[in-house]
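Please look over the sequence and the model first.

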Amino acid sequence: MDIQFVLDHVIKPFEYGILKQPNNLMSVKYGSNELVNTILSGSDDKSVRLWDIRSDKQIQVFNGHTNTVWCVEYSPFVINNSISNSNVICSGSLDNTIRFWDIRSNKDELYVIEGYHEEDNGILCLKFISLKNGENIKNVTYDLNLCYGSYNGHIRIWEQFTFR
């Protein structure tokens, strides 16, 4: 197959995309499990957006950051209420915060973690990591940690989430 054919007929149709973020796109994350047909995005308009790739439509906009959103992530947290279960997403920004959002509502954030202002100067990337806790042999315990990277090059781990 000719490389020019591939460039013209395979890559170019995807160059324009099906979803259009209004401003410069900084981060994209594809959903999993029950959110498999969704995409999260963060941009320099300070917003986090949830998209449905089946309908090519934006589902939600989450506002609250005061600077560019550099990273978005589907979190492992689920909110249980009397109506249904709701998934939680999170975002990191140059405003030096990590914000948690309920995707079923368009309300204010659920929780905010502030980075170390004098040392971090903004959150550029984040990832949830699950580490097996070696202290409990019979009942396996996993500690959920949130790891993030800052603008000034520091890597930090929040070890405050434990599930049994």
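This is a predicted model: local features need pLDDT of at least 70, side-chain atom pairs count only at pLDDT 80 or more; totals for chains, interfaces and linings use all residues.

Residues are numbered from 1 along each chain as its sequence is written, and side-chain values use heavy atoms, with hydrogens and water left out.

**Annotation**
- Residues 39-61 are 0% helix and 70% strand. Their end C-alpha atoms lie 12 Å apart. Helices (H or I, at least four residues) and strands (E, at least two) are DSSP runs, numbered from the N terminus.

**Strand β3**
- β3 (residues 47-52) has 6 of its 6 residues buried (under 20% relative accessible area, 1.4 Å probe, protein chains only).
- S47, R49 and W51 lie on one side, V48, L50 and D52 on the other.
- β2 (residues 38-43) runs antiparallel to β3, joined by 5 bridges; pairing requires at least two DSSP bridges. T38 stands opposite D52.
- The β2-β3 hairpin has 3 residues between its strands, and K46 in the turn has a positive phi of about 75°.
- β4 (residues 57-63) pairs antiparallel with β3 over 6 bridges. Here R49 faces V61.
- The β3-β4 hairpin has 4 residues between the strands, with D56 at a positive phi near 60°.

**Strand β7**
- β7 (residues 97-102) also has 6 of its 6 residues buried.
- T97, R99 and W101 point one way, I98, F100 and D102 the other.
- β8 (residues 111-114) pairs antiparallel with β7 over 4 bridges. I113 is the bridge partner of I98.

Methods
Buried means under 20% relative accessible area, exposed over 50%, partly exposed in between (1.4 Å probe, protein chains only).
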